[in-house]
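Subject: Structure handover

Hello,

Here is the structure for you to take over. Please open it first, then read the notes below it.

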Amino acid sequence: MERTASGPKSLFPKGPSFTLDNFSNKDFIVRDFVDSLAEEAVPQNRRSGNTQAAFDPKPLIRTFENALSQLASLGDELQEKESELLSQVRRAEIQHDQTLDTLGRKLDQSMSSFEALDLTLTHTNSSHGYPVRSEGHGNIAVQIGEKLEDLDKKRRRAQDAMFLIQCWTEVSETGKLTSLQDVQRQGGSENKVRCAVIARQLMRISQRLDPVSWGQKNGTHQNGVTNGVTASSKSHNTREVLEKFCETLEQDLLQQFNNSYRKQNFEDMMECAKVLYDFNGGASVIAIFVNQHQFFIDRDQLLSDEVTIDSETGDALADPDSEPPAVEPSLQSLVDEVKIVMQEESFIIKRAFPYYETVLIKFIQRVFQQSIQQRLEMILDMTDTISSLAYLRSLHSSRSYISALVEDLKSHGLTEHPEPSSAQIAQTLDQQMEDLFVPYLVGNSYIERERKSLEELCNSLLFKFSIYHSRRKKAPTGFMASLAQQGTQLIASAKDAYIERLESSDLTPTQKAMMLRVAGLQDKDNKNDIEVSEEDGLLSIANAKRMLKWLAESVQRTLELGSQLDTPKDVNILLNHLLTSMGRVYVETALDAAQDQVSTLENAKTEPDLSYLPAIRPAVTITSVMDRFITIVLIRLAESNTTVRRSMEAQKKMAIDNIEKKTNNIMKGTIDVVANWVNKSLGGQKKQDFRPKDGELAALQTPTCLGICTFLSKVNKLANQAVDGQNSEKFFSELALVILKLLFEHFKKFQVNATGGLMVTQDIAKYASTMREWSVSKEVGMTVEMLTEIGSLFIVGPEALREKSKTLASSPTKGRLSKVDFRAFVQKRDDSGTVGIQSVLAGL
């Protein structure tokens, strides 16, 4: 509102002035308008005066009179504008009718011209002697039929419009729908569909012409004009009347749809579905189609039955060494039936619903979320009472079978048969299957259950192994003992974890029996006082294969159940389990035991027992198989995540390096043990063994040589059971070099006479023949052959020695005797002081 801002002030100030724009604002409120008038009517000097002054109504009267006069003038102005707009509307309608008449006349003229042209062409053909086919008359008949049909449609639309106006008049004036109810009482699907269409149109008219029934009060002016329509005084709520009629009609249409479904009347079902879609988006007809389906009624009765698993199937599920059984029979039957029902019902849905994809999606959701999900939960709950492995196997088989169902449905096409299913249906099927298994695969719950199941199995299998090594006598404390301390702790923790799990209250009887069977125990045995043998403490390739088979089955389940994004993380967890159970607890523990024996034999006073050597071969084999499995299977599955893959490669390298380091230490320690014993045995050689008197030559070899060669033959046999290939060649080559060095120094210590020279030659030949049985390198083999030449130095004459001296090397060389060694050996001959021998030595 605006007030005068200039000019002399009068005794009675002018009231506020306003225009139509002040009332066109959406934020206009009548009360605020009146309050502002009253506030401005009070003079400024009286607004903060004495509160006890007498009330003066004159300013208010003048202000409101001025406002009323302005409102009256604005009302007249508004009435004039409204009259002008109505006149323009009438002129536009008249112009529109004239345009339609003009277009109608032009259309009639065009049709008359076309008919005249057709008659002219027909007459021309006949006048030229051409046969006139009846197709020309047929075309005219078709055109006449189409025109009549078009006129009939116009007539029907006009009748429908008249009937619609009649129904609206009835409902708005009397609050009843007598005419529409009469059509409904006539029955028949067409009449019901017609009633639904008219009722829907009446609802739209009610929203437009009766906004009060719909709660639309804003915008109603004082002159009673609302949205351009003059409201009449009435007390009938058209919305309630129409909604009540629509509810009744909807129930009739649903019943009609149900009856048509039983009669397989797809056309009538399609009409009902179209109409009901306009009522509530088709929710009611979809619900009645899905909920009353015989499949759900029958399955609801079957779902009340409990899942029963016979003892044979339960034992097979819990037995890690048996092949995983197929899917549970009741779930298999349900899935097979779902496949048939989905294919059959998709044909009906396609013909009965215009929005068939929406209906099919609802049907799919109901099948998966009710029937399949309930049966799946019952099966998994039952198998969980058997064992963890039974639960995991059932989860995997169920997922695989339901996944096959989804793929079959997508390839069948359902409503798009024989083409593949649409993208929306395929997405719905995939989403429903994923939703089924989300509760069982969320987070790390699944992979942790796999890991714990594998730990239980491996702890059971290695229980006696752990008991044996926890009881064996440890080597003396020292550096090597400290290195093996961590392995000892792992053995103890694995044993304790097995006993604790076995005595757990939540362990099922079937799982307990399985754990006892895998461990080779009886339930009555005292778990802390188990009798074990040496065989229980040895590595077994068969047990390693069992552990790898269990792990491979877990990997397969993980790949099919888990997501591709989580696969690297999951296989990393399985890798940690493998390196711990098979690498550290199993292989490294056996190697630590062998290392302890090596440590105790380094300074043995009796012939050392190298029976620990055969345990190296299974350790190497198991490590090789484990390394290959990790490289080919686990690491390849983690290639999508570079960080995890590198971490897994580093873990594998560290574990394999530890095993190889311990294996090398054992083999090096064995060389030291053998060398120490050979050195100790050589120290027992008598000084006169190579200076026998005439007639005292009782044997070709000395007892010392025979004892050492017998011992080395044992070493050869045991070492060949431990290593092979390049490892065997490297081991025996290093051992041969150590023995050769000892023998070289040994024969430099003894004086040899002519008869003793024969014994030296025989001893050296025996040593050489023993070492020839070893798989040594070519260079070491040449050194062994050189040993035989040393024997001849004690028996040949001066001339032969002179010839041999010509081939000597100036410095020690592999395969060739040096001058220094030649001199040392020859000087041990009793006849080294003769002129012939001295001349040979002088010639060096």
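**What was found**

The protein chain has 844 residues, and 40% of them count as buried. Buried means under 20% relative accessible area, exposed means over 50%, and partly exposed lies in between (1.4 Å probe, protein chains only). This is a predicted model, where local features need pLDDT of at least 70 and side-chain atom pairs count only at pLDDT 80 or more, while totals for chains, interfaces and linings use all residues. Residues are numbered from 1 along each chain as its sequence is written, and side-chain values use heavy atoms, with hydrogens and water left out.

**Overall picture**

The protein chain holds 30 helices and two strands. These are DSSP runs numbered from the N terminus: helices are H or I with at least four residues, strands are E with at least two. The chain exposes about 47400 Å², and carbon and sulfur atoms supply 51% of that. Accessible areas come from the Shrake-Rupley method with a 1.4 Å probe; for residues, only the protein chains shown count as cover.

Now contacts, meaning heavy atoms within 4.5 Å. Take those in the protein chain with a separation of 6 or more: 78% of them join residues 24 or more positions apart.

**Confidence**

pLDDT is the predictor's confidence in each residue, from 0 to 100. The protein chain averages 82, and 84% of the residues score at least 70. Two stretches need care. Over residues 218–234, pLDDT stays under 50, and the model has 14 contacts beyond four places in sequence for them. Over residues 476–484, pLDDT also stays under 50, with five such contacts. Where pLDDT is low, the predicted coordinates should not be read in detail.

**Aromatic pairs**

Rings of Phe, Tyr and Trp (its six-membered ring) pair if their centres lie within 6.5 Å; planes under 30 degrees apart count as stacked, over 60 as edge-to-face and the rest as tilted. The whole structure has 15 aromatic pairs. One of them is Tyr261 with Phe289, edge-to-face at 5.5 Å centre to centre and 75° between the planes. Tyr261 sits in helix α7 (residues 238–263) and Phe289 in helix α9 (residues 283–291), so the pair ties together parts 28 residues apart in sequence. Phe289 is buried, at 4% relative accessible area.

Phe465 and Tyr586 also pair edge-to-face, with 4.8 Å centre to centre and 65° between the planes. Phe465 is in helix α17 (residues 463–471) and Tyr586 in helix α21, so this pair ties together parts 121 residues apart in sequence. Phe465 is buried at 3% relative accessibility, and Tyr586 is buried at 1%.

Phe257, Tyr261, Phe289, Phe353, Tyr355 and Phe363 form one aromatic cluster.

**Around helix α21**

Ser581 is found in helix α21 (residues 567–601). Ser581 is buried, with 8% relative accessible area. Leaving aside neighbours within four places in sequence, Ser581 is in contact with Cys458, Leu462 and Tyr586.

**Salt bridges**

A salt bridge is a side-chain nitrogen of Lys or Arg within 4 Å of a carboxyl oxygen of Asp or Glu. The whole structure has 28 salt bridges. In one of them, the side chains of Glu553 and Arg393 meet at 2.7 Å, N to O. Glu553 lies in helix α20 (residues 541–561) and Arg393 in helix α14 (residues 388–412), so the pair ties together parts 160 residues apart in sequence. Glu553 counts as buried at 12% relative accessibility. Arg393 is buried at 3%. Arg393, Glu450, Glu553 and Arg557 are linked in a network of salt bridges.

Asp592 and Lys662 form a salt bridge at 3.0 Å, N to O. Asp592 is in helix α21 and Lys662 in helix α23 (residues 642–682), so 70 residues separate these distant parts of the chain. Both Asp592 and Lys662 are buried.

**One more site**

Which residues does Ala722 touch, not counting those up to four places away in sequence? They are Leu613, Ile616 and Arg617. Ala722 lies in helix α24 (residues 703–722) and is buried, at 1% relative accessible area.

Best wishes
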